[in-house]
Amino acid sequence: MWVSTSMPYLKPRAKGQPDAWGEEAAARGGAGTQRIAHAGEIPAPDDVAALLRITPGDPVVVRRRIIELDGAPCELTDTYYPAPIARGTPLAETGKIRGGAVTLLAGLGHIGVRVREDVTARMPDADERTALRLGPAEPVLHLHRVTFDAEDRPIQADLMVMPAHRQQLRYEIDVG
């Protein structure tokens, strides 16, 4: 079982530092990679619009990724950005972003200071089952993460799907 924490994925990376997933997987003796299945501007689906506090159908930039560990899919992640933040940037393209998206956003002046995550369990749809190579009775964890800036504006929304039996989420919270 993979125990994952969110914190490494929320802070900008130092120059020359590898992406958070690659670094986390390597520290555990694996190879963490990701494939960009799609990147570009789309109308915001209802759930994404609610997370980003915009009107359904407003333009957003999405990056759809298949996260892999040692060549096997272990997570599906769709990351959405308000179009005014991401339009015309590498976030709207399929190429790898050096240092990761959080680092790019920080360089553009969009720094996350608060994150809200909601986790639910459910059965995967047919596409998720196929992409994650799951059996018919295997549930998934569905994590919604929203990152807010210092003015409490949503700057990023992540919708992640992962096999429940292969993933454990760990939360460590500094109080005061």
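Buried means under 20% relative accessible area, exposed over 50%, and partly exposed in between, with a 1.4 Å probe and protein chains only. This is a predicted model: local features need pLDDT of at least 70, side-chain atom pairs count only at pLDDT 80 or more, and totals for chains, interfaces and linings use all residues. Residues are numbered from 1 along each chain as its sequence is written, and side-chain values use heavy atoms, with hydrogens and water left out.

**Exercise 1. The chain as a whole**

Describe the chain by its burial, its elements and its contacts.

Step 1. Take burial. Of the 176 residues in the chain, 44% are buried.

Step 2. List the elements. Helices (H or I, at least four residues) and strands (E, at least two) are DSSP runs, numbered from the N terminus. The chain has five helices and eight strands. Their order from the N terminus is β-α-β-α-β-β-α-α-β-α-β-β-β.

Step 3. Check the contacts. Contact means heavy atoms within 4.5 Å. Take the contacts between residues at least 6 apart in sequence: 58% of them join residues at least 24 apart.

**Exercise 2. The nonpolar cores**

Step 1. A nonpolar core is a set of buried Ala, Val, Leu, Ile, Met, Phe, Trp, Tyr and Cys residues joined through side-chain atoms within 4.5 Å. In soluble globular proteins, nonpolar side chains tend to be buried together.

Step 2. Count. The largest core holds 13 residues, and L52, V60 and Y80 have the most contacts inside it.

Step 3. Assign elements. Two or more residues each come from α2 (46-52), β3 (59-69), β6 (140-148) and β7 (154-163). Helix α2 gives the largest share, four residues.

Step 4. Look around V60. Leaving out residues up to four places away in sequence, V60 touches G40, E41, I42, P43, A44, L52, I54, Y80, Y81 and A83.

Step 5. Look for a further core. Another core, of ten residues, lies apart from the largest one; I97, L104, L105 and I155 are among its members.

**Exercise 3. Strand β3 and its partners**

Which strands pair with β3, and in which sense?

Step 1. Apply the rule. Two strands pair if DSSP finds at least two bridges between them.

Step 2. Take β2 (residues 32-43). Eleven bridges join β2 to β3, and the two run antiparallel. Here A39 stands opposite R63.

Step 3. Take β4 (residues 72-82). Ten bridges pair β4 with β3, again in the antiparallel sense. E75 in β4 is the bridge partner of I67.

Step 4. Inspect the turn. The hairpin of β3 and β4 has two residues between the strands, and D70 takes a positive phi near 55°.

Step 5. Judge the cover. Eight of the eleven residues of β3 are buried, so the strand is largely enclosed by the rest of the structure.
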